[in-house]
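Take a walk through this structure, one region at a time.

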Amino acid sequence: MSLRDRLFSRPRLGVEVPEGERTLLLIGNPNVGKSALFNRLTGGSATVSNYPGTTVDVTRGSLVADHQAREVIDVPGAYSLEPRDAAEEVAARIVGEYPDAVALVVLDATRIERGLYLLLQVLERGMRTVVAVNMIDAARAKGIMVDTAALQHLLGVPVVSTAATTGEGTRDLVGILHKAQVADLPAVRDRVAGKTPEPPANLPGCAGCGRCR
Amino acid sequence: MQLTECGIGETVRVVAVMGCERFRNRLALRGIAPGQICTVVSAACGPIVLAVDGGTLALGRGMAAHITVERNIDEKSN
């Protein structure tokens, strides 16, 4: 790829992005704030309540960022992509329907470990992914600190902390959506094991993967 | 002891979850794994409701019977 191509490869005003790639899927465990984040991103009015399983169907909205519109889909909460109830079935079906979409995986900052299984399943599917560590305000109130930079470095996909109910971090999140990355799982395994894998030779410029810190 | 034997208000630590890997995985994703401390919110009749990590989780008696817990969590607390 020539330098010129690299410089101008980002989508610009008037440049059409293929249909599926403009879709943003909000994926996460039940009750982590996907619908609240959806409303923040789209100005929509998805029902939000403080108990799991509120969203059982699909809500769609649109978000205009970087001079282009994206379709945002609020996926019902799921613990895994192997469906075991009606809401998970809907979630797994939608994820299967949009293989080219950007996956915005929403984690609950107060119990981050529970969402990592689902996150890994999304990464295994080879979807371009961005991670939102939501409810960072609640975590802070509980004295929980989340090292998003370390998580980003380990996973090689952008990680942003947000608080959907107050709007904190949502601007950063929107700004980083175009940097969504496909995770290199063997490299993730190496980094978790403490090794430093060789960076790929054809690294396409800075994509917010955090490799360079 | 099994989770089904616990009374309301008891705080217990999960020792083991019996069953196939799929079942254990399913409970782990909902916060029930060995080492986890949880409080019984309701166990009078019907499902057992637990408070786990700031959330609540309702388990049927069949599932709860697969979970072994211990009461004296203070003595062995790390």
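The buried residues of helix H2 of chain A pack against strands S1 (23-28), S2 (59-65), S3, S4 (102-108) and S5 (128-134), and against helix H7 (170-176) of chain A. Helices and strands here are DSSP runs, H or I of at least four residues for helices and E of at least two for strands, numbered from the N terminus. This is a predicted model, in which local features need pLDDT of at least 70, side-chain atom pairs count only at pLDDT 80 or more, and totals for chains, interfaces and linings use all residues. Residues are numbered from 1 along each chain as its sequence is written, chains are lettered from A and ligands numbered from 1 in the order in which they are written, and side-chain values use heavy atoms, with hydrogens and water left out.

H2(A) spans residues 34-42 and is mostly covered: 8 of its 9 residues are buried. Buried means under 20% relative accessible area, exposed over 50%, and partly exposed in between (1.4 Å probe, protein chains only). Among the buried residues are Leu37(A), Phe38(A) and Leu41(A). Lys34(A) is also one of them. Gly43(A) follows the helix, with a positive phi near 70°.

Now turn to Ser80(A). It sits in the loop between strand S3 (68-74) and helix H3 (86-97) of chain A. Ser80(A) is buried, with a relative accessible area of 1%. A polar atom of its side chain lies 3.3 Å from the backbone oxygen of Glu82(A). Leaving aside residues up to four places away in sequence, Ser80(A) touches Glu88(A), Tyr117(A), Leu118(A), Gln121(A) and Leu29(B).

How many residues of chain B are in contact with chain A? There are 11, and they meet 10 residues of chain A. Contact means heavy atoms within 4.5 Å. The area buried between the chains is about 980 Å², and carbon and sulfur atoms give 42% of that. Leu29(B), Arg30(B) and Asp53(B) supply 56% of the area that chain B buries against chain A, more than any other three residues. Buried area is the accessible area (1.4 Å probe) that two parts lose on being put together, summed over both.

The rule finds 2 salt bridges across this interface. A salt bridge is a side-chain nitrogen of Lys or Arg within 4 Å of a carboxyl oxygen of Asp or Glu. One joins the side chains of Asp53(B) and Arg114(A), at 3.4 Å from N to O. Helix H1 of chain B (residues 21-29) gives the largest share of the side of chain B that touches chain A, 5 residues.

How values were computed. Polar contact = N/O pair within 3.5 Å; in protein donor to acceptor, adjacent residues only side chain to side chain.
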